[in-house]
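This briefing covers a chain interface, salt bridges and strand pairing, in that order.

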Amino acid sequence: MTSAMTNWQSEFGLDPDVDPDFIMDPAEISDEIPQAYTLRQAFDDLELNGILCTDNTPLIYFRCVDAIEPELVTRLHRQFWNHGRAPILVLISKNEIHVYSGMSRPKEHENSDEKPGSLITQLERVGPKLQAFILSVRSGSFFKEHAKSFGPYNRVDQDLLRNLGNTRDCLREQVSDTKMFELLDALLCRLVFTCYLFDRHVIDKQYLKEIGLKGDHLRDLLKVRPQSKAKRQLYKLFTKLGADFNGDLFAEDLSSESSSITDGHIDILYEFFHATDVSTGQKAFWPYDFKFIPIETISAIYEHFLKKENKKDGAFYTPRFLAEITLDTALEGFESLLDRTYLDPACGSGIFLVGLFNRMADEWSRKYPRARNDKRADELRELMCSSLRGVDKDLTACRITAFSLYLAYLDKLDSVGIQELQKKGRALPNLVVNPTREKPCGHVATQAIIKCTDFFLENVSSLPKVDLVIGNPPWGSIAASNTPAGRWCENQNKEIPDKQIASAFIWKSADHTLPKGKVCLVLPSGVLFNQGPKAVTFQNDWVRSYTIDRILNLADLRLVLFHKALHPALVVRYSQNAPDESNHKIEYWAPKVSWSLTQAEIVTIFPEDRSQLSLSDLLVNLAGPDAPQIWKHSFWGTPRDQKFLDRLLDYPRLNALIQRPGDKLEDKPWILSEGFQPVGKNDKAKALKLPSRKFIGARSTALNLFLHKTDCVDISSTMNVRERSNSNTKIYKAPHVLITKGFNRIAFADFSVSFQHAVRGINGPKKDRNLLIFLTAFLKSRLAKYVGFHTASSWAIYRPMLHVNEILRLPFPLPHNLEDEDRAQCIVDEVAGLVDGASHEVKHSTLRRDQIIERTTSEIEPLVEEYFGVHPLEKILIEDTLNVIIPSIQVKSPKKPVPTMSYATQNNQTIYVKRLCSTLNLWSTRTGRIVKGEVGQSSDLGIGLAKITITAADSRCDSVGELQQDLLPLLHKLLNSIPREQQSIDPVRGLMVFDKNLLYLVKPIWQRHWTQSAALNDADMIAGTILMKTMEPA
Amino acid sequence: MIVGLSDEWAKLIDPLIPEIFCLIVSAWSGMKPFPADQKENPTTKKLYKRLIMHRDIAELPFRIDYQLMDLDTEEGEDDGEMDIVFSPTCNRENIYFCLECKRMNVFNGRKTHPYSGEYVTRGMFRFISGQYSRIGRCGGMLAYVMNGDLSGAMSAVERVMKTHHEKLGMTPPISFHKTSFRPQDDFMKETHHVRNTSATSSFSIYHLFVARPGAEKRWKSSGPVKKKYSDIRFNPLKDDD
């Protein structure tokens, strides 16, 4: 035991007996922790003394050392970086504590005078600072303050991926025949595998010597010159490995492959394995150590390679974090992973199968800790072959899956065990079978578990039913009726809207589960958010046929985590049985971008982002005209927003007034249609006589509130347009409202003007002129933006836009629909007067147009809100959505801070607590008591605190004050006051502690948690808790 | 995570039943006339729509649901749907207040049916048996008096309550009591009960009798709507004087 090890954890304020996120003894790791295997592996590989997790993900690794010496630091940091799991390593010595980044590329032995680049900060061993450090990491403020030390770009998987990608590109440049690409990929795979065997000391100098080769490592073979000799030696080694290990990795005809490899290829491989950046030629320190790089990382890297190739098939890379989150979700509730079976119907590189095998093998090893090497090898192989099944129609994918599983399998054996296995020969089974080939790949596929075929060509007799189907199936509109997926769905009478192949996987995966079996898939968000009758029918069938128990909506993380992903992702877990439609609840989690995520890829799900939807509510929504808006309401909307939206959406909608082309003819006063489509090169044309020569383009900035003739250009009154173009010219006639696609520009025009199909027009009779102006004002209003944001299927999910159907679903009551019809009519006329006045003013003062429109808009806003009966408390919700939420959606880069990721200011907190107190006081008027509040915050800790005190109603004091206490001791006092069984709570996630006449609210410091909307919801939560308490028996 | 709710805080907010009834009365006052033979559900649905559209709902920490199934019904009980339910905004699993609606004095073309028996046996009984508001100390009954004879409807209900007073857990003399928060209102009353089930024992039911809009004006109707009840102290279990 080092001297540093004495009670270090309590200095950090950590107690493994109380805090389930802090682990000091690997034996204490509960199997209920989804990533138990990862944590045990970290303890073993890195000889750790403790791990702090968050949301089941490792956050900090603690390691005690005698002294923090440069050489030791270099070694430990390299191991830690290669391990690639936790973002922070803390080295603890007797007198000091060093904090290192797991996302800083290791460098060669550092100069002892120079601080290592990976060192983030040094801390003294004094309690408060260490406790503050832990809180700041948990809250994410540490990642904000030290943002430059983090970021996934330099993490081991991305670094290795970049280098391998560059190497592969260089290798490919050497060949003209693209058929060689597959061969080069196989070679690269095999080299990484060989490197892995050397780094783990499975093969060594002696192994090379036995086949007449000299050297210690693969690198030594590659530097032999001439290159032809190096190649011969390399393939000699491959042949030996093939004989010893068998398996699909060495299944191809090596001698034929060897003849295709050139000297240039050998040079490139030499450079890669000697740490020269093949793209720049720059020499560097070889940072990789495959002894520590997790197998899933290698698997994920290959998946990336593979899916880059297969974009046309809709296949995309499954990042490691996504694979882990999917596995955690899928396996929750499985008491044991052994004696169960698993299928990945689109296995790619096998990232899920590898993850499953690692977890199963970990459980097996704990069950049989004393198993001998040969038994372990046999049993684990049997476990792999009897439990796992994978399908992919790409042969390279199948081989990479086999390769990943080999690595995972060997990883579970020690080097002696592997050598024993190797002596027996054929250490690894053939795993891949390709039914389209006459003979199985390579040798006899006695234990083929990876099937190279189209999932939709398999039936349940050829592919057994399993306990869990898990996977990231391809996405895209590619399941046409002539494809196996399309045919299968047609035969089964299953709906697949938009030919989305992922939907076909949803149906077929359930067919392959045993009774009570589960399916967990990564899916495009469109399967829940898309509108249209087919999409709604599909969703209805899905939620009624199978029991969906959890949905993880990752849409907000799209641009941070999926870099080039076009479509946002969902993780959905469901079981094969039909649900109880009255009582079933679906957990709906929608995490948002945070500093922990952008800098450390740690997905934090705050309580605000977890909701439960009842299936009965969902079914009602799916049966209604707004289907399927329920997912969107609960995405960014708080309970208060949902209540407000329910109210607004109960008004008559705009579509009650508007006739569209193709609609059943009804008695509706207005019409809507898009403008004409200009004729293209190969289009059939028709002539269209326009009612006016005036024309306005969709990009014209003049499309703002009102339009003047002078804003338009003149065109011919007869246009050649596409044959299928809209022919109804009524929409070009005044009075009309012009709306650009995307809902960005909206203007009223009092004269006839034409436009192309990027603009839609709403025309009505002259008597409705004022109403159409009011409609323009409403569509441009904050209220419409608010409703649009919380109801549109694409906004905040994919693109910030409203589809035409969504515009027509906006609430738009006519004055006679409202309680006070006279006042409503007055408002309509007043707004029309304001717009007319502004339009007139602009005619005489063109240069001031923007200011005039801005002023008029600000005069119109309160009138629109009055028309819709918006309560002052509801205005707060609109303000916060527009000012805090909308600017914060789908963050691309943390370099541009958005409100939700900014610290709440003292002023934000003061306004929050004022709103909280005034709302609570609204409900306490008969009790003779009121509340007042104090606020405090610490960006060092990443938390803010509000202290609310009950006082007599007649007491004279300010309702808000500044907290005159240090936050850290106060927080400790609060945590200590909590009963021991509840002390496990993570204070930075949100905590309400009632203490006599005081209430403490502890929340993350981020602005999102300190808005007035948050205050209203918190007040509701407090009131709800109190009121329900009073309902209980005395 | 909420920890350690103390009695001091439990006393901060008075039960918001007066505010709920204020909202109901206000919403009802704007109901448009409807036919005397209109069924109960369409009326309740219209009232519900008016409640959720009411601007003042923003001032209450509740959301309102229509015809919600009580998931806590015991075996053997029918799965009655509660007509209108007020639940905490942030925790919809809990039900704060349930309102059961019944038609009374319905003319079917030949004669007027009082339906006072229905009011008691298919309304009040559901609270007393614990089928509704198992957790809770009070509930609400709303009578749509179709012919507008509010006093007549109330007397009829009182008579049935007397017949069933044991089953209703009421102690004689059986009658309606004034409500603490609307004592001057002749058509807003409360009754006190002891429930002999696994549900909370002491229980109050608030009764509001409202006239169908468009009914003949020969009977006295509910008093003017007060905007706020902030000056009235309210205790749902307070014995009537």
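The model is predicted, and every value below is computed from it. Across the interface of chain B and chain A there are 5 salt bridges, and the count over all chains comes to 61.

**Interface of chain B and chain A**

- In this interface, 50 residues of chain B are in contact with 60 residues of chain A.
- The area buried between the two chains is about 5300 Å², and carbon and sulfur atoms give 63% of that area.
- B:V3, B:W9 and B:L12 together supply 15% of the area that chain B buries against chain A, more than any other three residues.
- Polar contacts across the interface of chain B and chain A number 18 residue pairs, both residues being at pLDDT 80 or more.
- On the side of chain B that touches chain A, the elements giving two or more residues are β1 (2–3), α1 (7–10), α2 (17–29), α3 (40–53) and β2 (62–69) of chain B.
- The largest share of that side, 4 residues, comes from α3(B).
- By class, the side of chain B that touches chain A has 27 nonpolar, 14 charged and 9 polar residues.

**Strand pairing between the chains**

- Strand β30 (residues 991–995) of chain A is joined to β1(B) by 2 bridges, and the two strands run parallel.
- In this pairing, B:I2 of β1(B) has A:M992 opposite.

**Salt bridges within chain A**

- A:D159 and A:R105 meet through their side chains in a salt bridge, with N to O at 2.6 Å.
- This pair links distant parts of the chain, 54 residues apart: A:D159 is in helix α6 (residues 156–173) of chain A, and A:R105 is in the loop between β5 (96–101) and β6 (119–124) of chain A.
- A:D159 has a relative accessible area of 3% and is therefore buried, the limit being under 20%.
- A:D609 and A:R1008 form a salt bridge whose closest N and O atoms are 2.3 Å apart.
- A:D609 lies in the loop between α24 (595–600) and β16 (610–614) of chain A, and A:R1008 in the loop between β31 (998–1004) and α36 (1012–1031) of chain A, so the pair ties together parts that are 399 residues apart in sequence.
- A:D609 is buried, with a relative accessible area of 4%, and A:R1008 is buried as well, with a value of 15%.
- A:K412 and A:D411 form a salt bridge with closest N and O atoms 3.6 Å apart, and both residues are buried.
- A network of salt bridges links A:R782, A:E861, A:E865, A:K875 and A:E879.

**An open sheet in chain A**

- An open sheet of 6 strands in chain A has the order β17-β18-β26-β24-β25-β21, with mixed pairing.
- The edges are β17 (658–659) and β21 (704–707) of chain A; each has a single partner strand, so one side of each is left without a neighbour in the sheet.
- β21(A) pairs with strand β25 (residues 746–749) of chain A in the parallel sense, over 4 bridges.
- Within this pairing, A:L707 stands opposite A:A749 in β25(A).

How values were computed. Residues are numbered from 1 along each chain as its sequence is written. Chains are lettered from A and ligands numbered from 1 in the order in which they are written. This is a predicted model: local features need pLDDT of at least 70, side-chain atom pairs count only at pLDDT 80 or more; totals for chains, interfaces and linings use all residues. Side-chain values use heavy atoms; hydrogens and water are left out. Contact means heavy atoms within 4.5 Å. Buried area is the accessible area (1.4 Å probe) that two parts lose on being put together, summed over both. A salt bridge is a side-chain nitrogen of Lys or Arg within 4 Å of a carboxyl oxygen of Asp or Glu. A polar contact is a pair of N or O atoms within 3.5 Å; within protein, one must be able to donate a hydrogen and the other to accept it, and residues adjacent in sequence count only if both atoms are side-chain atoms. Ala, Val, Leu, Ile, Met, Phe, Trp, Tyr, Cys and Pro count as nonpolar, Asp, Glu, Lys and Arg as charged, and the others, Gly among them, as polar. Two strands pair if DSSP finds at least two bridges between them. Buried means under 20% relative accessible area, exposed over 50%, partly exposed in between (1.4 Å probe, protein chains only).
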